[in-house]
Every structure is written in structure tokens, then in C-alpha cells.
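Good morning, everyone. Let me put the structure on the screen, and then we will walk through it chain by chain.

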Amino acid sequence: MSKTKAVSAENLRARVEELSGESVFACYQCGMCSAGCPLADEMDRLPSQVIRDLQLEDISLLDSNAMWVCASCLACEVRCPKGVDLAKLMEALRQLHLRKELDHVSINDMTQEEIRKLPQIALVAGFRKKTG
Amino acid sequence: MSEEKLTQIYIMGKAYDVPTGITIMDAMEYAGYRFIRGAGCRSGFCGACGTVYRKDDDYQLEFALACQEMVEEGMHLTQLPFTPAPRSDYVLGELNPKENVLLQHYPAVARCVSCNTCTKACPQDIEVMDYVQAALRGDLEKVAELSFDCIQCGLCSMRCPADIKHYHVAQMARRLYSVTDSPEPEHLNARMQQMNDGAFDKEMDELMAMSLDGLKQRYAERVIEGKEEAS
Amino acid sequence: MLSWQDSGRRRGRLMTGIPYFPGCSLKDTASGFETSAQYVMEKLGMPLEELERWNCCGTVSSLTTDDLMHHLASVRNFVRVQDLGQSELVALCAMCYNTLARTAGRINTDAEERDKINQFMDREEDYEGNVQILHLLQVLKERVNWENLEAQVTHSLEGLKVACYYGCTLVRPKPVAIDDTEQPTIMDEALESVGAESIPFAFSTECCGTYQVVDRRDLSIEQSFRVLNSAARAGANVIATACPLCQHNLEEALREVGTKAELGSIQIVYFTELLAAALGMDLEELPEGIQQLLKQHAMVEGGA
């Protein structure tokens, strides 16, 4: 029997709150985060919907692309009227995957040509956010 | 043998009393182990005999070369004869030294978290983390300089949480540096010139034409530099 | 263990300048940022003194509560600052500034976490929790001040319309912001003091797409294009950046969609390159596009 590389859906909200240190019920769904998120139109659910999904423990959230499209720009965090750090929630969702070896970027599949064009700063940041 | 002249060690969990003051490799052979892999030059140069050990009452792992390290009382050890670290293919002459080719071939270098675990695993006292960082910022000379004593034992790569292949990165750096920036080895160039001019052709032809017995005799009668009056 | 002699020698090293942290990209891919900054600081009598044996800070902040490992990289650099007997570290790269500052904020105040890190880094001296991180713009505003910067100008940038692009990491989150989060002006002030006209634009603090360039290049191109477009429409002919990744992403977007008429011939440059030009740096040391732009604005070499 080999290792299972899958994210458990159990106690999703509690685990995300513990990893992030944030309380999802502080959010009253005003939508400021979604309004300010520069990458919201690329996400399959809005930032405010991500936190709603956590409140309701909608486990389909684990398959969303939102956490991977997020650029950690912190526009959401800085504008939330309740002081909820959505960036930390996004990070927690990423870490749930990365700590199960479910990397979002495959270094094996990167070509030398791709790497050649990128400054170190991009690689270090991309690997830190999308590989475990 | 009296008690004081024995040291108790644990080889893969099993206790053995071995003579005090011998190397781990000698101790393992004394205990009856035969090295089919994981032994090479027995002189601290080939990197084949990477050893991981721990001492009684110590939680930390330590790292050494079996052929160099002496046994100690309460040593718990195991061998790591091989590190499955993939080496990137390249043709030295086709690399562009103006680019960060180290990163292109070994992008995991960008995953270094500066934990220093590699440095702690190195039996050669190399500042491994420092050369990985130098590789990240494209400082070829620094990588070459710091990694000079590397013998490719692989212990660093086995311990790295980022799965970096330190010794492959370093070897690539040293090779590229020698081609691009390091000073010309004049003595080597002179010898190459001699060879290309045919200075050794006659001797080589003689050797190639010799019989096996002739070669054996030539070997037995060879003159060792500094010992010209050997019997 | 260091002998008292070693301690004294290391801790009391005479510094004429300020400890400086380059970061992974400033030695090759973004070397123009460093050389121009060093030129400026030499002129101002406060040279940047590179830390010895520094390591990559990590570029981004690790945001989970339980992860101390990814803060190690920054803390190790703080120990290097301590080794010099100093307590301040200046960064040029906005991402480095942000990552170092966030870690300092956390580790300086949390003794338990600091203790854990110190125990883990058992080959380093203990980090005492006193290092403060500064961005070059803060040093220029607070230690040099704008009047002194202006006094060093030999080639005014008058006529240049500069859109100052702050991006994310200089202004978010608030505890590490070097200026107002929504309407920062510190970079604008710097460039105005050397004669340039600052062009405010709506996207000055919008994200360039950052690390998405690695596996979703389409996203960073799109984001960066919005920034370029906003600056160009506001009338800028130059965008000043403070981050090698912003610089890269903006340049890539320009290369890819540069044919769009509204972008004109906008140039992208590190803010220190503009400052250096104003303080007399040889234009030949600047990127081609900037040289042309500066010459267009009647910057005659050798004349004030």
C-alpha cells in the first residue's frame, strides 16, 4: 500500500483556521476583497466566495483554482473592514495541498528555455508558493 | 584481547565489539561485513563510503566517511552507498557562461531555504549552503571555490528538504569555471603539447605491443619516484 | 565559541555606510538596480555596505502560523547584521524588503519563536531580536532628506514624466508599509526632488502578477499590461520600479503588447537608475531605452 497524496476534506474550516490564525466567521460578505482582487476574474470563485465556502465548509473549494491564481498581493487583507487576512486563508488552502506533496508547479516539467527567461526572484517566489 | 582495547558499536542496529582505534570501514569488515558497494579508494577521496551515525545519548545524526572516521564507543551507524540524484545532461562547450546555467539545469536550487542541513551533513567541512546560495545568484567562481573539496558522497542531497542536488550543481560550476574564467594550467598545456608533438609515441607503441608477461615484468621492475634505490 | 578577541573584531567593525542586503537577483539579472543605487549612495556619503555571507531572504513571506522554517533564511541575515555590531539593514528590492521586514516584525516580538529558531540554527550566534529593516526610499527620505538629494543633482530630470510604480510589497501589509497603503508618494517625492514630474496613475499599487509569471505567464502579462496602460494613459513616458520582478513582468508585457498605440514608447526603469542619472552617472551605464529618453530631455553630460 503506497502513500496517498490527497487532501483530506475533514474539518476543513478548523484546519484552515488553525494554519492561518484567522477566524472565517468574522467575514460579513461585504465583497471588498473581491472588488480589489486583481486576479478575481481568473478565479473560478470570487475571494469573498472562498471565505463563504469556508464558513459553510463546502469542500469543493479544495478543487478551486482560486488559491493558485492568488498572487498574495494583499489587496484583500489591507481593505477588509473586519481585518480578516484572506491572504493567509489562501496560503492555508495552498499548504493543505503542498504538505501532501501535491505541488502545483512541476519542476520536472519545466524546460531550460522557460527557466532561462526567468529571474531568480520569480523562481524562488513561484516555488515557495506552489511547491512543497 | 583485553577489554580496554575493544569498542562497542552498533552496525545497522546490531552490537559488535571491535578493536579500538580503527576506522568504521575496518570495523565493519572486522565484524564480518563485506563491502560490495560503498567502498572505493579507502583514502577519503572517492565518496563511496558515506556513513550516517549517532552516538549513545545523542539525538542528532552525524555524518562521515567510513574509511576516515574512527569508531567510538556507542556509535550507531549505517551506510549510504548510493544517492539517486539525477545529473542533468549538458555539453560543456555549448553552455553560455553569461546565463545562470546552474539554475537552468538544476532549478531546485531556487528552493533552498537556507536551513544549513547540507553543511551539517558534509564530511568534508564544506560550506555547502553558501555555495548553493552562490549558485542561485550566478556566482560561478564562488561555487567552484567553496566546493573544491567535494567528493560527491551525496549525503547533502539525501538530507536536503528542497531536494537539491548539491554536488552535481557544484561539479557543473567547477567544470564551467575551469573552461571560462580560471587561469590556464600552463603545465598541463605544456604536457599536452608534448603529447601532440609525439614525444611519447615511441613508448606508447612499445607498451601496446607488449605481451601480458612483459607488462607484468615492466610493472614489477618499475622505478618509483623518490625511491630509485628500491630493492 | 568565539574568543573575546574575535567578538571584538567582528562586532566593532568600522562602518562608513549602511548594511545592505542585495537579494538573489541584484547580482546578475537586475544588476542595474544595484550599481545605480550604489552610485547614488556614494554621492550622498552613505555607501551601501554589502553584508558578508548573506543568503536569499525567500522573496515571499510564509503566511502560515506554524511555519518557522521559511523564516530561517531571513533570520540568518539578521544574525549577519548583528555580527557587524549593527542593527539596521537596508534593502533595494521591494520583495526582499517586505519579506525581511515581515519576518523581523514577527521574530523580534515573539521570544518563543526566536528561541526555537536560535536553537535550530546551532552553528550561528543567537539572534537577539533587534534588527530593523529599511527600504532605500526610507533612508533617502529620513536620513538623507530631499533637500540634500536635490543639492547633489547635476542633471535635472526636468521634462521627464515619471509614473512611480509601487506594486504590492512596499505598501502592504500596513505594519511594513513605507508609506500610505493606497496613495503612497515617497517614490514620487524622491523623483520630484531631482526634477522629474511625477504622474499619478490609478494602478500604482496594483499587482504586476508577481510569481504567476512562472506557470501562468498569461496572468502576469495581463496584469502588467493594465499597469502599463494606466501609466501611459496618464501621460507618463517612464515607469519607475523598485522590484526586479515588477521590472521583469512589466518589460515582458511591454515586449508582448508593446505595439498597442496607447503605450507609446514608454520606458521602464529602476527608480535608482533615474536618481543616478540625475546625480551625474554616465548615461552609457544605463539601459539603451533610458539613455535615449534622457538625451531627448536635453540632459547634456558635464553640464548642470
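Domain bounds here come from an automatic or database domain assignment. With that in hand, start at chain B. Its assignment gives domain 1 (3–79), domain 2 (92–180) and domain 3 (195–220). Taken over C-alpha atoms, the centres of domain 1 and domain 3 of chain B are 42 Å apart.

A word on what you are looking at. This is a predicted model, where local features need pLDDT of at least 70, side-chain atom pairs count only at pLDDT 80 or more, and totals for chains, interfaces and linings use all residues. Residues are numbered from 1 along each chain as its sequence is written, and chains are lettered from A and ligands numbered from 1 in the order in which they are written.

Now chain A. What does its secondary structure come to? Chain A has 8 helices and 0 strands. Helices (H or I, at least four residues) and strands (E, at least two) are DSSP runs, numbered from the N terminus. Along the sequence the pattern reads α-α-α-α-α-α-α-α.

For 132 residues, a compact globule would come near 14 Å; chain A has 16 Å, which agrees. Of those 132 residues, 44% count as buried. Buried means 20 or more other C-beta atoms within 10 Å of the residue's own, with C-beta atoms placed from the backbone.

Next, where chain A meets chain C. Two residues are in contact if their C-beta atoms, placed from the backbone, lie within 7 Å. Chain A gives 31 residues to this contact, and chain C gives 33 residues. On the side of chain A, two or more residues come from each of helix 1 (12–20), helix 5 (75–79), helix 6 (86–98) and helix 8 (120–130). Helix 8 of chain A has the largest share, 10 residues. By type, that side of chain A divides into 18 nonpolar, 6 polar and 7 charged. Nonpolar covers Ala, Val, Leu, Ile, Met, Phe, Trp, Tyr, Cys and Pro; charged covers Asp, Glu, Lys and Arg; the others, Gly among them, are polar.

On to chain C. Its domain assignment gives domain 1 (15–137) and domain 2 (154–296). Their C-alpha centres lie 24 Å apart. The contact between domain 1 and domain 2 of chain C takes 23 residues from domain 1 and 23 residues from domain 2. On the domain 1 side, helix 2 (31–43) and helix 4 of chain C each supply at least two residues. Helix 2 of chain C gives the largest share, 8 residues.

Last, the sheet. In chain C, 4 strands form an open sheet in the order 2-1-3-4, with parallel pairing. Strands pair if DSSP finds at least two bridges between them. Which strands stand at the edges? Strand 2 (48–50) and strand 4 (132–135) of chain C do, each with a single partner strand, so one side of each has no neighbour in the sheet. Strand 1 (residues 18–21) of chain C pairs with strand 2 of chain C in the parallel sense over 3 bridges. In that strand 2, Glu49(C) stands opposite Pro19(C).

Notes:
Rg over C-alpha atoms; globule rule 2.2 N^0.38 Å. Buried ≥ 20, exposed ≤ 12 C-beta atoms within 10 Å, placed from the backbone.
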